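Dear colleague,

I am handing over the structure below, and I would ask you to keep it open while you read the notes that follow.

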Amino acid sequence: MTDTAPKRFTRSFTQQEPLDEEAIAAAIAVMRTGRLHRYNTAVGEESEASLLEREFAATTGASFCLAVASGGTAMQIALSAAGIGPGDRVLTNGFTLSPVPGAIAAIGAETVLVETDETLTIDLADLEAKARQGSCLLLSHMRGHLADMEAVTEICARHGLTLIEDCAHTMGASWAGKASGRWGLAGCFSTQTYKHANTGEGGLVISDDADFMARAIIRSGSYMLYDRHGAAPPVESFAAARLDMPNGSARMDNLRATILRPQLRRLPEQARRWQERYAVLETALRQSPHCVLRQIPAAESHVGSSIQFRVPGFSPAQIADLVEGCAMRGVELKWFGAAEPKGYTSAHRSWRYVPPQELPKTDRVLTSLLDMRIPLTFDLDDCALIAEIIREELERVA
Ligand SMILES: *Cc1c(COP(=O)(O)O)cnc(C)c1O
């Protein structure tokens, strides 16, 4: 009898892997010193936060790196250090997460939303059309999907748009061999639990621009201790910024830096593990006639920490039924087309701090878009079972 009972998945979609013993031991060592604040160092000691900055700069090839309190503050600091403020307009993707328009609102600037197309990346024709409406593009690589970065940088250069990348979902990813976060003035990363490294909360900013990074460091709350940063520009670069930039108190502490350092060393391996899991899910879901998945371009090295598919043939009632049916069998899908924002999911109409804008193309894509996390605690068999359940539910609802 049990053979015919519908299969259920029982593992948690929000359970990340435990920290490895190296990170735990390093954290205990830092706690034993009591020197948790990044500027609290013994004579001759370089802080963990400073070492982290050095290492992340080296990993990405950036000249400079700054560790901060979160991905959201990384974006606020980057916008502010780029000279953006009240009265300025910043372009960003219509499909992203609320901390992105939230960062623009936090510095007093106004958000101009650019359409997202079927590839889940920024619509280049709409970017071209709206480029003159702002001075900066905060490009969100939402859910790890990279736009054609050569085309994006060409449009930005032609219209004088400063490019800042939101790499919350692309740590470890690249386009045409060049790391995400390295295409414009700055790249902003998150090390919050649900991203590609886990420090609870945390963020990183990278750049090659000395003046920008000097302003960013002061803005992050460095006081006059900016010479204690392992991947900072020379002290001369701080001449104006040191007294001009407001102190935003958004520093990363040594405890989080300590547990992040070994995780960054494992990033290529983790990226490969995500790719394997993504491939199992993608291959199985593509066999369903109801699912449309983005074809990842050859130029893109993608880190599949989540997967998205569209069900364009389904009505909203059918999609709600699908989400419900999968949930009953232990598979958590999120629907970006739902009328009310739920959990981490929201659509542009729910952001009341952004002037209402018409985005028919984005709305059309979001109406049928489903989204699922792939934590590394799932193995390849788990991914195969999840795909089987989704396919059965698609058939039941169709
Ligand atoms: C999580 C997230 C951020 C912000 O990161 P936090 O560290 O949570 O502030 C930015 N952009 C996107 C697309 C995100 O998902």
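A polar backbone atom of Gly71 is 2.7 Å from an oxygen atom of the ligand, which counts as a polar contact, that is, a pair of N or O atoms within 3.5 Å. A ligand oxygen also lies 2.8 Å from a side-chain N or O atom of Gln192, and a polar side-chain atom of Lys195 is 2.9 Å from an oxygen of the ligand. Taken alone the ligand exposes 380 Å², of which the protein buries 92% (accessible areas by the Shrake-Rupley method with a 1.4 Å probe).

Please bear in mind that this is a predicted model, in which local features need pLDDT of at least 70 and side-chain atom pairs count only at pLDDT 80 or more, while totals for chains, interfaces and linings use all residues. Residues are numbered from 1 along each chain as its sequence is written, and side-chain values use heavy atoms, with hydrogens and water left out.

Around the ligand there are 17 residues, where a residue is near if one of its heavy atoms lies within 4 Å. Helix H3 (71-81) gives the largest share of this shell, three residues (helices are DSSP runs of H or I with at least four residues, strands runs of E with at least two, numbered from the N terminus).

Elsewhere, three strands form an open antiparallel sheet in the order E7-E6-E10, where two strands pair if DSSP finds at least two bridges between them. Strands E7 (178-179) and E10 (300-301) each have a single partner strand, so one side of each is left without a neighbour in the sheet. Two bridges join E6 (residues 174-175) to E10, and the bridge partner of Trp175 in E10 is Glu300.

With kind regards

Definitions and conventions. Polar contact = N/O pair within 3.5 Å; in protein donor to acceptor, adjacent residues only side chain to side chain.
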